[in-house]
Amino acid sequence: SNTPRARLEAACAAHLSLLVSTNTIAKYMGNSLFAPGIRAPARHLINDRDAYEVRFQKMLDALPVPRHLDRILFRLALFGALNWTQVWYRPGKKSPAEIAHHLVAIFCR
């Protein structure tokens with residue numbers, strides 16, 4: 001399906017797939033690139049991150065959520081949940097797609 005929710009779920013699954021991959025660069029980038037105390041990343045990396053977040057914000061804007069919901073906090077909380085997956089993820093329990101499905105269900109009731 002190509003609904004706003006399905007697009008968000010697919011984007012979250014792709015995000016999670018990269019985060020839990022065995023790619024060392026992906027793990028470093030997801031874990032610590034923008035953490036406090038880390039030397040400032042190159043400006044273009046910040047621009048890339050900002051553009052990536054805008055893509056997610058557009059997907060969230062397309063969702064039928066209550067008008068009073070702060071969509072910036074919604075996006076930040078969703079990214080927090082997605083990115084924290086690196087800490088607790090264990091291969092073989094649930095796939096990134098299954099985790100994305102459940103997280104989107106939690107955030108998009």
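A pocket, as the word is used here, is an open set of grid points with protein on both sides within 12 Å along at least five of seven lines, and its lining residues have an atom within 4 Å of a point. Keep that in mind for later; the model you're looking at is a predicted one.

Let's start with the overall layout. The chain has five helices and zero strands, so reading along the sequence simply gives α-α-α-α-α, with helices counted as DSSP runs from the N terminus. Of its 109 residues, 31% count as buried. Among contacts with a separation of 6 or more, 61% come from residues 24 or more positions apart.

Now take α4, residues 71-88.

Helix α5, residues 96-107, passes the same kind of check: at 1.5 Å a residue its twelve residues should span 16 Å, and its end C-alpha atoms are 16 Å apart. Buried in α5 are P96, I99, A100, L103 and V104. Looking down the axis of α5, you'd see these fall within an arc of 130°, so they line one face of the helix. And what do the buried residues of α5 pack against? Their partners are α1 and α4.

That brings us to α1, which covers residues 4-19 and includes L19. Is L19 buried or exposed? At 5% relative accessibility, L19 counts as buried, because the cut-off for that label is under 20%. L19 and L82 sit 63 residues apart along the chain, yet their C-alpha atoms are separated by 8.6 Å.

Finally, back to pockets. The second largest pocket holds about 150 Å³ of space. Lining it are R5, L63, P64, V65, P66, L69, F74, F107, C108 and R109. By class that makes eight nonpolar, no polar and two charged residues.

Technical notes:
Residues numbered from 1 in each chain as written. Predicted model: local features only at pLDDT ≥ 70, side-chain atom pairs only at ≥ 80, totals over all residues. Heavy atoms only, no water. Helix = DSSP H or I, 4+ residues; strand = E, 2+ residues; numbered from the N terminus. Buried < 20%, exposed > 50% of the residue type's maximum accessible area, 1.4 Å probe, protein only. 1 Å grid on protein atoms, 1.4 Å probe; cavity = no way out; pocket = protein on both sides within 12 Å on 5 of 7 lines; lining within 4 Å. Points joined across faces, edges and corners; volume = space filled by probe spheres on them. Nonpolar A, V, L, I, M, F, W, Y, C, P; charged D, E, K, R; others polar. Expected span 1.5 Å × (residues − 1). Arc of directions from axis to C-beta. Contact = heavy atoms within 4.5 Å.
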